[in-house]
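This report describes one protein chain in plain terms. Please look at the sequence and the structure first, then read on.

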Amino acid sequence: MTQVNMLEAKTDLSRLVKMLESRQEDGIYLARNGTAVVQMKLIPLCLLEDASEWWKVNSRFHVSTDQI
């Protein structure tokens, strides 16, 4: 897995997503001050039977406003 800093991720987000889509990487870690804080992984939406089921995948993620 590749680790990139926040500035690089912000600048090259499209390239990083393409790396995941093309299976060049299984996952990408985003780091703040050299410490990984986020893991990006491909979620294959084509595996869902119905696009309306996206909420089931999306509901697993939570952003705490305490740390923003």
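## Bridges in the sheet

L30 has V38 in β3 as its bridge partner. A second pair of this kind is A31 with A36, the latter in β3. Strand β2 covers residues 27–32, and six bridges join β2 to β3. These two strands run antiparallel. The model in which these pairs are seen is a predicted one.

On the other pairing, four bridges join β1 to β2, and here the strands run parallel. Q3, for example, has Y29 in β2 as its bridge partner. Strands of a sheet pair through backbone hydrogen bonds, and the pairing is either parallel or antiparallel.

## The sheet as a whole

The three strands form an open sheet in the order β1-β2-β3, and the pairing is mixed. β1 (2–5) and β3 (35–41) stand at the edges with a single partner strand each, so one side of each has no neighbour in the sheet. From one strand to the next, the twist averages 30°.

Helix α2, residues 13–21, packs on this sheet and touches β1, β2 and β3. The direction of α2 makes about 60° with that of β3.

## The chain from end to end

The chain contains three helices and three strands. Along the sequence they follow the pattern β-α-α-β-β-α. The chain has 68 residues, of which 18% count as buried. It exposes about 5700 Å², and carbon and sulfur atoms supply 52% of that area.

How far apart in sequence are residues that touch? Among contacts between residues at least 6 apart in sequence, 38% join residues at least 24 apart.

Which residues of α2 are buried? They are L16, M19 and L20. These residues cover an arc of only 100° around the axis, which means that they lie on the same side of α2. An α-helix has 3.6 residues a turn, so residues three or four places apart point the same way.

The other side of α2 carries S14, K18 and E21, which are exposed. The cover over the buried residues of α2 includes β1, α1 (6–11), β2 and β3.

## The nonpolar core

The largest nonpolar core has eight residues: V4, A9, L16, M19, L20, I28, L30 and M40. α2 and β2 each supply at least two residues of this core. The largest share, three residues, comes from α2. In soluble globular proteins, nonpolar side chains tend to be buried together.

A9 lies in helix α1. Its relative accessible area is 7%, and a residue counts as buried under 20%, so A9 is buried. Leaving aside neighbours within four places in sequence, A9 is in contact with V4, L16 and L30.

A9 and L30 are 21 residues apart in sequence, yet their C-alpha atoms are 7.0 Å apart in space. What does L30 touch, leaving aside its neighbours within four places in sequence? The contacts of L30 are V4, M6, A9, T35, A36, V37, V38 and M40. One of them, V38, is also the bridge partner of L30 in β3.

## Two loop residues with positive phi

R23 is found in the loop between α2 and β2. Its phi is positive, about 65°, although R23 is not a glycine. Is R23 buried or exposed? Its relative accessibility is 56%, and a residue counts as exposed over 50%, so R23 is exposed.

The other case is N33, in the loop between β2 and β3. β2 and β3 form a hairpin with two residues between them, and N33 is in the turn. The phi of N33 is near 55°, a positive value in a residue other than glycine. With a relative accessibility of 77%, N33 counts as exposed.

Notes: Residues numbered from 1 in each chain as written. Predicted model: local features only at pLDDT ≥ 70, side-chain atom pairs only at ≥ 80, totals over all residues. Heavy atoms only, no water. Pairing = 2+ DSSP bridges. Axes fitted to C-alpha atoms, helices over the stretch in contact; angles between N-to-C directions. Contact = heavy atoms within 4.5 Å. Buried < 20%, exposed > 50% of the residue type's maximum accessible area, 1.4 Å probe, protein only. Areas by Shrake-Rupley, 256 points an atom, 1.4 Å probe, with all protein chains shown as cover. Arc of directions from axis to C-beta. Core = buried A, V, L, I, M, F, W, Y, C linked by side-chain atoms within 4.5 Å.
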